[in-house]
Amino acid sequence: MKMHSSKTLPILSTSLFLAALLGGCASTDTVTKAQTTADQAARKADVAETNANAARGAADQASQKADQANATAAAAQTTANEAKASADAANTKVDELSEKIDRMFKKTMQK
């Protein structure tokens, strides 16, 4: 039996304990069945570990994409803030020019 993970050791220990418990009266068939069960459990544990690693990898990728999306959103917010500041400055300039035109118009009308 190959040892693939820390989950294999308890399964092997249980198999050996059962074999020892049966003692001298344990048949080869019983030990073989216990070993087969332990091997199946070890394979299932390996599959579960592989699936967990794949899920961890997918979660890491999702986290990276979320980080990228957050960075893009922050850049967009900065651009929007800069655009708003430019628009506010332009509005202020328009207001100043409008007042100047109003003053000039009033002066012209007074003459």
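With a relative accessibility of 52%, Lys33 counts as exposed; buried here means under 20% relative accessible area, exposed over 50%, and partly exposed in between, using a 1.4 Å probe and protein chains only. Its salt-bridge partner is Asp29, and the closest N and O atoms of the pair sit 3.4 Å apart. A salt bridge is taken as a side-chain nitrogen of Lys or Arg within 4 Å of a carboxyl oxygen of Asp or Glu. Asp29 itself is partly exposed, at 46%. Both residues belong to helix 2 (residues 28-110), where 4 residues, about one turn of the helix, separate them.

The model is a predicted one, in which local features need pLDDT of at least 70, side-chain atom pairs count only at pLDDT 80 or more, and totals for chains, interfaces and linings use all residues. Residues are numbered from 1 along each chain as its sequence is written, and side-chain values use heavy atoms, with hydrogens and water left out.

Searching the whole structure turns up 2 salt bridges. Besides the pair above, Asp88 bridges to Lys84, with 2.9 Å between the closest N and O atoms. These two also lie in helix 2, again 4 residues apart, or about one turn of the helix. Here Lys84 is exposed at 51%, while Asp88, at 37%, is partly exposed.

As for the overall picture, the protein has 2 helices and 0 strands, both being DSSP runs numbered from the N terminus (helices: H or I, at least four residues; strands: E, at least two). The protein exposes about 8900 Å², with 60% of that supplied by carbon and sulfur atoms; accessible areas come from the Shrake-Rupley method with a 1.4 Å probe, and for residues only the protein chains shown count as cover.
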